[in-house]
Amino acid sequence: MNGGNGGEIRVTGDAGVTRDVIVVGGGVIGLTTAVVLAESGHRVGVWTRDPLGRTTSAVAGALFWPYRIEPERQVGTWLERSLGHYERLARRPDETGVRIVSGLMADTPLDSLGPWASRVPGLREARTDELPGGFGQALRAAVPLIDMPVHLRYLKERLRAAGGTVERRSITGFGEPAGRAPVVVDCTGIGARLLVADASLYPVRGQVVVVENPGIDEWFVVPAPGSADLTYVMPQPYGVLLGGSATDHSWDLRPDPAEAGAIVARCARIHPALSGARVLEHRVGLRPARPRVRLEAETLPGGARLVHNYGHGGAGVTVAWGCAEDAARLAVA
């Protein structure tokens with residue numbers, strides 16, 4: 001069949017072929033890639049090991065800002081293209097989970113950002129009177145902040161409206177989906193470490209705490225590069241998401257009570273009202289970190305095309321649409 005991106009996926013007469021493309025992975029990268037392909041006219045199926053609410057994406061603070069992702073030049077391009085999508089989705093926040101929210105990025109000089117910063121409306125140095133106590137510098141910006149459970153459901157419904165399907169299914173290799181479609185897209189995140197034996201991919205464990213909102217309406221982030229202790233406050237419709245941590249090479253998905261207490265304490269130094277806020281939930285996720293995002297294609301034994309789209313570190317949401325568009329082009333090349 002002909003694809004809307006100008007490419008063509010040739011479906012053979014094999015009775016086992018049921019889709020033009022199978023996307024493996026049901027997080028934000030997989031679902032966004034599937035939407036781009038399906039809305040281009042391809043028959044797309046998503047195979048996901050975990051329900052959407054249990055993916056790493058569902059845990060994310062989901063502020064539109066690059067974090068632990070390379071290479072810088074390509075990231076800037078993906079980010080700019082993704083921003084346009086999120087700005088449009090923010091016109092329907094209840095449906096899409098995307099809102100434009102103002103906030104402060106502390107300890108981040110404006111000249112340290114790439115060219116993408118010029119695409120962010122109103123990005124500027126914060127005034128002294130806008131800074132919390134103890135901080136001498138921050139950037140003020142209004143950027144997308146995404147309610148991930150709502151957004152993942154939105155992407156799933158958008159995919160279905162375009163004729164795509166989502167199926168709970170685990171795999172041990174890409175030969176199985178390749179038997180069902182001539183093109184497979186690998187959006188398995190940290191799972192790719194085993195599926196393609198990628199030793200350069202490693203988990204960066206992140207823990208967050210969700211508390212009742214005592215009246216906070218702006219986000220606040222202290223990036224703390226190189227530290228395992230992060231501080232961020234993300235007001236979401238379901239409460240305030242407090243973070244966080246960045247522990248390299250940890251696979252532990254169990255919430256750590258001591259770590260949770262330290263997170264709340266750090267955030268309460270920014271907003272003292274958080275110290276007494278009722279805890280609603282603890283979440284842990286594994287960011288898929290790599291020296292650089294893997295976005296490339298190869299040919300599997302038997303002739304199927306395998307497109308890799310993983311290794312987005314802590315910025316999968318931020319670059320999802322730009323990477324999805326590039327992955328779709330590779331799928332139909």
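These legends accompany several close-up views of a predicted model.

View 1. Helix α8 covers residues 257-270, and its 14 residues should span 20 Å at 1.5 Å a residue; the end C-alpha atoms are 21 Å apart, which agrees. Look for the buried residues Glu259, Ala260, Ile263, Val264, Arg266, Cys267, Ala268 and Ile270. The buried residues of α8 pack against β8 (202-211), β9 (219-222), β10 (229-236), β11 (239-245) and β13 (279-289).

View 2. Thr231 counts as buried because its relative accessibility is 10%, and the cut-off for buried is under 20%. Its side chain makes a polar contact with the side chain of Arg266, at 3.4 Å. Not counting residues up to four places away in sequence, Thr231 touches Phe220, Val221, Val222, Gly243, Gly244, Arg266, Cys267 and Ile270. Two of these partners, Gly243 and Gly244, are themselves joined by a cis peptide bond, with omega about -5 degrees. Gly244 sits in strand β11.

**View 3. Strand β5 and its pairing partners.** Strand β5 (residues 138-146) is mostly covered, with eight of its nine residues buried. β5 runs antiparallel to β3, and nine bridges join the two; in one of the pairs to look for, Arg99 has Leu145 of β5 as its bridge partner.

**View 4. Trp65 and the nonpolar cores.** The largest nonpolar core has 73 residues, of which Val23, Leu63, Trp65, Tyr86 and Trp219 touch the most other members. Helix α9 (residues 316-331) supplies the largest share of this core, nine residues. A second, separate core has 13 residues, including Val211, Leu242, Val264 and Leu274. Leaving aside neighbours within four places in sequence, Trp65 is in contact with Met105, Leu113, Trp116, Leu123, Leu139, Ala141, Trp219, Ala315 and Thr318.

**View 5. The bend in helix α9.** The end C-alpha atoms of this 16-residue helix are only 19 Å apart, short of the 22 Å that a straight helix would reach at 1.5 Å a residue. Follow the axis to Gly322, where α9 bends by about 40 degrees. The helix is mostly covered, with 14 of its 16 residues buried.

**View 6. Backbone geometry worth a second look.** Most residues other than glycine have a negative phi, and most peptide bonds are trans. Ala62 has a positive phi, near 60 degrees, and lies in the loop between α2 and α3. With a relative accessible area of 9%, Ala62 is buried. Pro71 is found in the loop between α2 (56-59) and α3 (72-89), and the peptide bond from Glu70 to Pro71 is cis, with omega near 5 degrees. His249 also has a positive phi, near 65 degrees, and belongs to the loop between β12 (247-248) and α8. His249 is exposed, with a relative accessible area of 54%.

**View 7. Pro115 in its loop.** Pro115 sits in the loop between β3 (98-106) and β4 (124-125). At 69% relative accessibility, Pro115 counts as exposed. Thr77 is 38 residues away along the chain, and the C-alpha atoms of Pro115 and Thr77 are separated by 9.0 Å.

Technical notes. Residues numbered from 1 in each chain as written. Predicted model: local features only at pLDDT ≥ 70, side-chain atom pairs only at ≥ 80, totals over all residues. Heavy atoms only, no water. Helix = DSSP H or I, 4+ residues; strand = E, 2+ residues; numbered from the N terminus. Expected span 1.5 Å × (residues − 1). Buried < 20%, exposed > 50% of the residue type's maximum accessible area, 1.4 Å probe, protein only. Contact = heavy atoms within 4.5 Å. Pairing = 2+ DSSP bridges. Core = buried A, V, L, I, M, F, W, Y, C linked by side-chain atoms within 4.5 Å. Bend = angle between axes of the 7 residues up to and from the residue. Polar contact = N/O pair within 3.5 Å; in protein donor to acceptor, adjacent residues only side chain to side chain.
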